[in-house]
Structure formats: C-alpha cells, structure tokens
Amino acid sequence: MEEWLEATLSLGARTAYGMHRNEVLGPAGEDRSSEIVVVEDGLRFEVDVLRGRNVGLFPDARPMRRWVRSRSTGLRVLNLFSYTSAFGVHAAAGGARSVTNVDVVPSALERGVRNFRLNDLPVDSRTHMRSDAFEFLKRAGREGRTWDLVVVDPPPVPTVGRGRKGKGRGRFDPRKDWPRLARAASAVCAEGGSVVLLSAARGASGFEELVSDMIPGVPLRIDRGEDYPGPRDQGLRALAWARAET
Ligand SMILES: C[S@@+](CC[C@H](N)C(=O)[O-])C[C@H]1O[C@@H](n2cnc3c(N)ncnc32)[C@H](O)[C@@H]1O
C-alpha cells in the first residue's frame, strides 16, 4: 500500500477520497488525467472526478455496499447493472464464494475489472459479463442457475439502449420495467437467499408497493446513511428481501 494511504488510514480514517492521481501526462507535460483512486472501507476504486455525477462510485449507495459486504461470506453473488463493479468488489472482499458482475457497457466492465485488480481480487471469464440484464436473467432462468444474493441497481432514468426502435439491449425504463425486473431477479435467487433492489428515483414513494408482490418475503429498508440526512423517502434507498418462502 502507498505511503500516503497507509498514513491516512493509520490516523483512523475508514474512508479516504481523492488522494492519489494516476500519472498520465499530456504531450506538453501537463497532467490531463482526472482519474484518481479513492478508498472506501479499505477498498480501492478508480473514479474519474470530471465525469459529472457518474464518477464511478456513488457515495449514496455506501450503506448498501457495507450491507452487502457484511452478508456475502460464502455466498454466490449476482451484481446486475454492475457499472464499475462497486457492489461486486465489496461482496468479494466480504468473502463471497463467487461474484458475477453484469453490465451492457464494455467500458464500465473494464473499469470493474480494474477495480477488482486494484483490490487483488480474482478476475476470470465469469466475474464480468457483458449482457443486457433481462437477457442474462432469461438465460440464467432457462439454465436453472441461482445465486444467494442478487443486487439490482438499474439506472434511475430511462435508457434507450441499442437496437431496433430502442427495443434492443441495454434498455431500462424505471417507470414500467421494475415489476418484471424484480420478478426475474427473484426467480434466480436461491431459497433462503436475498434480493436487494436499489431505486435512485427521487420521491419514489410507490416503489415498495410496485415491486413487493414480485418477491416473496418481508422487505427490509436500508437507509442512505449519515451523509444524506433528510426525509427517508427521498433519493436513493434500498430494499432487501429475504427470499425465504416462509
Ligand atoms: C446506476 S448505474 C449502476 C450503478 C452500480 N450498481 C454501482 O453500484 O455503482 C446503471 C448501470 O446500468 C447499466 N445498464 C443500463 N441498462 C442496462 C441493461 N438493460 N442491462 C445491463 N446493464 C444496463 C449501465 O451501463 C450502467 O452501468
């Protein structure tokens, strides 16, 4: 571990942001890189600080990542809409038996691979899969594959996707696709396992009602954490269902 990081963590910091700049120099010698490595709970993530909201790690999901890490030991974890694999890194660090990250965008998966490597976590042909989430779930269902913990964190706004009339891969519309997504995710969750759904839509007060019929079990609400005080029903929050049939 670098000296700066060791020193910061030895002061008692659990999380350190913006500490290390990758050394990518432009032709005139100016530093053009906006990529840095940040540390969350001792884990390292590459972020691009000039990418607007999508820097690569969403701080409002930190309590959910901690929740996933604390429950992953020995489990087979499926991370759908994985983006930079932040949930996957936490699951693997938490001792998951296997982690499958699925996203439709190659550059997101590539960064996910780099995030795994930054943390010395194993990468193979099954850890990062390029696929439309719905197609992946359909195939997995057909093959009878199951996971013990399924994390579902799709985009908060409609995405058009690629393909004819926007009906192809990579499409998601949070206004109408949630019920079928929740149902398909629940179908690949092993009995006794858990499904975690994250809805980042602001004021999504009907979210729980929208999806709860699709997943057996009692939902547990995971808060946004101390960095985001305010009404509980605003902004990103997660719901986790135990898939037990009781
Ligand atoms: C909100 S981000 C996910 C954040 C991520 N779970 C995290 O923890 O940082 C949404 C991701 O969904 C991906 N995506 C959108 N539609 C998709 C689809 N139909 N199938 C698979 N991935 C999709 C996007 O490429 C993007 O990386």
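Hi everyone, a quick word on names before we start: helices and strands here are DSSP runs, with at least four residues of H or I for a helix and at least two of E for a strand, numbered from the N terminus. With that, I can tell you that phenylalanine 81 sits in the loop between β4 and α3, and that loop is where I'd like to begin. Please keep in mind that this is a predicted model.

Let me give you the overall view. The protein chain has 246 residues, and 36% of them are buried. There are seven helices and 10 strands in the chain. Among the chain's contacts with a separation of 6 or more, 57% join residues 24 or more positions apart.

Phenylalanine 81 is not a glycine, yet its phi is positive, about 60°. Is phenylalanine 81 buried or exposed? With 21 other C-beta atoms within 10 Å, phenylalanine 81 reaches the cut-off of 20 or more, so it counts as buried. Now look at serine 85, which is also in the loop between β4 and α3. Serine 85 has a positive phi too, of about 65°, and is not a glycine either. It is buried because 29 other C-beta atoms lie within 10 Å.

Phenylalanine 81 turns up again at the ligand. Which residues come nearest to the ligand? Of the 21 residues around it, they are Phe81, Tyr83, Val105, Ala133 and Asp153. The shell as a whole has 13 nonpolar, four polar and four charged residues.

Next, the helices. Helix α2, residues 62–70, and helix α3, residues 86–93, have axes that come within 7 Å and cross at roughly 35°. The crossing of α2 past α3 is right-handed. On the α2 side, the contact uses Arg65, Val68 and Arg69, while α3 brings Ala86, Phe87, His90, Ala91 and Ala93. Sorted by class, these contact residues are five nonpolar, one polar and two charged.

Now compare that with α5 and α6. Their axes are 9 Å apart, and the two helices pack at an angle of about 35°. This crossing is left-handed. Phe134, Leu137 and Gly141 of α5 meet Ala184, Ala185 and Ala187 of α6. Here the contact residues are five nonpolar and one polar, with no charged ones.

Staying with α6, which spans residues 178–187, its buried residues are Trp178, Leu181, Ala182, Ala184, Ala185 and Ser186. What covers them? The cover includes β4, α5, β7, β8 and α7.

One more stop in α5, which holds glutamate 135. Glutamate 135 has 14 other C-beta atoms within 10 Å, so it is partly exposed.

Finally, a hairpin. Strands β2, residues 35–40, and β3 pair in the antiparallel sense over six bridges. Two residues lie between them, and aspartate 41 in the turn has a positive phi of about 50°. Glutamate 35 stands opposite aspartate 48 in β3. As for β3 itself, residues 43–48, five of its six residues are buried.

That's my tour, so please turn the model around and find phenylalanine 81 in its loop between β4 and α3.

Note on methods. Residues numbered from 1 in each chain as written. Predicted model: local features only at pLDDT ≥ 70, side-chain atom pairs only at ≥ 80, totals over all residues. Near = placed C-beta within 6 Å. Nonpolar A, V, L, I, M, F, W, Y, C, P; charged D, E, K, R; others polar. Buried ≥ 20, exposed ≤ 12 C-beta atoms within 10 Å, placed from the backbone. Contact = placed C-beta atoms within 7 Å. Pairing = 2+ DSSP bridges. Axes fitted to C-alpha atoms, helices over the stretch in contact; angles between N-to-C directions. Left-handed = near helix turned anticlockwise from the far one by under 90°.
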